[in-house]
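Please read them with the structure open.

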Amino acid sequence: MGVTTVPLVKVNGISSSGLNVISNKSFVGVAQCNDNASFAKKINKNDYRISFNSSAEHIHNKIRALTLPGCFCYLLNKRLKLFDTFYQSDNIYKLKIGEYMHHNTKMLIGCKYGVLLVGRMQFEG
């Protein structure tokens with residue numbers, strides 16, 4: 001079998017001619033070489049725990065990556081899940097690591113580098 005090659009024309013970020021090839025069943029797949037495959041480690045419960053002894057950007061990306069069941073920290077001996085986060089690289093609020101304050105509708109938490117801004121949170125129970 002020959003491999004069909006078509007020029008790629010992007011429409012809204014999607015290659016229209018590539019989609020036509022697939023839908024016309026003239027697409028020929030290529031088997032993956034398992035010798036070069038890499039595997040991610042299994043995510044366990046402890047991976048969801050947040051340590052503020054890291055950069056705010058790193059914590060924000062961790063929360064985005066591990067969406068469900070949700071990353072958590074402890075506040076007043078209760079598990080607190082954090083959602084809808086963003087970060088500031090500079091700590092203009094002078095918050096220490098793990099120290100928090102409220103500003104408008106957000107909770108701000110000091111990290112080793114920067115500040116984590118939390119839009120939504122959920123206490124256990």
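1. Helix H2 covers residues 56-65, and its buried residues are Ala56, Ile59, His60 and Ile63. Buried means under 20% relative accessible area, with a 1.4 Å probe and protein chains only. Helices (H or I, at least four residues) and strands (E, at least two) are DSSP runs, numbered from the N terminus. Viewed along the axis of H2, the buried residues lie within an arc of 100 degrees, so they line one face of the helix; the arc is that of the directions from the helix axis to the C-beta atoms.

2. This is a predicted model: local features need pLDDT of at least 70, side-chain atom pairs count only at pLDDT 80 or more, and totals for chains, interfaces and linings use all residues. Residues are numbered from 1 along each chain as its sequence is written, and side-chain values use heavy atoms, with hydrogens and water left out.

3. The cover over the buried residues of H2 includes strand S4 (78-88) and strand S7 (115-123). Histidine 60, in H2, counts as buried because its relative accessibility is 4%. Beyond its neighbours within four places in sequence, histidine 60 contacts Thr85, Phe86, Tyr87 and Leu116, where contact means heavy atoms within 4.5 Å.

4. The largest nonpolar core has 18 residues; among those touching the most other members are Ile59, Ile63 and Leu116. Such a core is a set of buried Ala, Val, Leu, Ile, Met, Phe, Trp, Tyr and Cys residues joined through side-chain atoms within 4.5 Å. H2, strand S3 (72-75), S4, S6 and S7 each supply at least two residues of this core.

Technical notes:
Buried < 20%, exposed > 50% of the residue type's maximum accessible area, 1.4 Å probe, protein only.
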